Amino acid sequence: MIFDCHNHTKFSADSEMLATDAIKRAESLNLGIVFTEHFDYKLPGDVDFTFDAAEYMNEYKNLRSDKVKLGVEIGMVDYAREANKNFLKQANFDLVIGSIHVLDGYDTYNLEYYADKDKMTAYKRYFAAMAEESAVEDFDVLGHIDYICRVAPYDNPEIEYETFKSEIDEVLKILVERGKILELNTRRLNKKIAVEELKPVYKRYKELGGRFITIGSDAHVVEAVGANFDVALKFAEELNLTVANVENFRR
């Protein structure tokens with residue numbers, strides 16, 4: 001069974017999606033589902049992007065099955081390493097996604113991060129942080145490598161592999177060396193340019209020895225569960241990458 005490996009319910013500060021509704025949606029699409037609630041330690045601003053692991057596991061324990069898994073998405077940033085480590089000890093998570101959200105005191109979803117930076121500066125900083133944190137953090141899957149593209153205010157916000165080849169290769173080499181999995185996030189796969197710009201990144205991952213990817217919608221609302229999975233599965237087949245299932249998760 002294919003799993004949608006990246007979903008946020010009411011335990012994430014930016015979602016009110018009910019787990020039962022998400023499960024029904026996944027079942028209708030013949031998908032398994034993994035809940036990966038946000039744990040971003042001391043995220044800039046007033047919103048608390050953390051949750052109580054025991055409460056989460058207790059409330060969802062009866063939902064857990066061979067088709068429903070309970071995971072977490074940790075925000076990787078240097079000051080959160082110890083907090084992340086301690087948090088992961090609090091529960092037996094089925095899957096841990098590690099993601100870069102915060103740089104230089106700003107969430108990269110906030111335009112303030114880009115205020116004094118050209119694209120070269122902003123993206124090199126992003127990939128450098130991704131490599132640094134991927135080398136030390138405990139996680140199973142690197143989340144949305146193209147997260148920065150979502151709101152970056154440049155004429156072409158795409159990754160452009162040839163432009164950032166050395167920086168991206170450093171990230172991919174670390175993933176392969178550590179046996180980590182690269183996520184294919186489907187949020188932006190409705191855009192043809194996003195698909196085409198991501199292909200050389202995942203092709204290089206394969207060349208370096210990467211075998212598995214997970215597919216995740218990053219759903220925060222029911223309608224987004226399983227979104228663009230047809231594109232993602234075609235993408236994986238074209239590049240000869242294996243979509244990881246539960247037995248490939250390393251926890």
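Biologist: Which residues are linked in a network of salt bridges?
Modeller: Lys165, Asp169, Arg204 and Glu207 are linked that way. A salt bridge here is a side-chain nitrogen of Lys or Arg within 4 Å of a carboxyl oxygen of Asp or Glu. Keep in mind that this is a predicted model, where local features need pLDDT of at least 70, side-chain atom pairs count only at pLDDT 80 or more, and totals for chains, interfaces and linings use all residues. Residues are numbered from 1 along each chain as its sequence is written, and side-chain values use heavy atoms, with hydrogens and water left out.

Biologist: What about Lys165 and Asp169, how far apart are they in helix α5?
Modeller: They sit 4 residues apart in α5 (residues 165–178), so about one helical turn separates them. Helices (H or I, at least four residues) and strands (E, at least two) are DSSP runs, numbered from the N terminus.

Biologist: And is Asp169 buried or exposed?
Modeller: Asp169 is buried, with a relative accessible area of 5%, while Lys165 is partly exposed at 32%. Buried means under 20% relative accessible area, exposed over 50%, and partly exposed in between (1.4 Å probe, protein chains only).

Biologist: How many salt bridges does the structure hold?
Modeller: It holds 17. One of them joins the side chains of Glu133 and Arg81 (2.8 Å, N to O). Glu133 lies in helix α4 (residues 119–134) and Arg81 in helix α3, so this pair ties together parts that are 52 residues apart in sequence. Glu133 counts as buried at 3% relative accessibility, whereas Arg81 is partly exposed at 28%.

Biologist: Nice. Which residue forms a salt bridge with Asp218?
Modeller: That's Arg187, with the closest N and O atoms 3.8 Å apart. The pair links distant parts of the chain, 31 residues apart: Asp218 is in the loop between β9 (212–216) and α7 (229–238), and Arg187 in the loop between β8 (181–185) and α6 (192–207).

Biologist: Switching topic: which residues of helix α2 are buried?
Modeller: In α2 (residues 53–60) they are Ala53, Tyr56, Met57 and Tyr60. They cover an arc of only 90° around the axis, so they are on the same side of α2; the arc is that of the directions from the helix axis to the C-beta atoms.

Biologist: What do they pack against?
Modeller: They pack against α1 (19–28), β2 (32–39), β3 (68–75) and α3 (81–88), with contact meaning heavy atoms within 4.5 Å.
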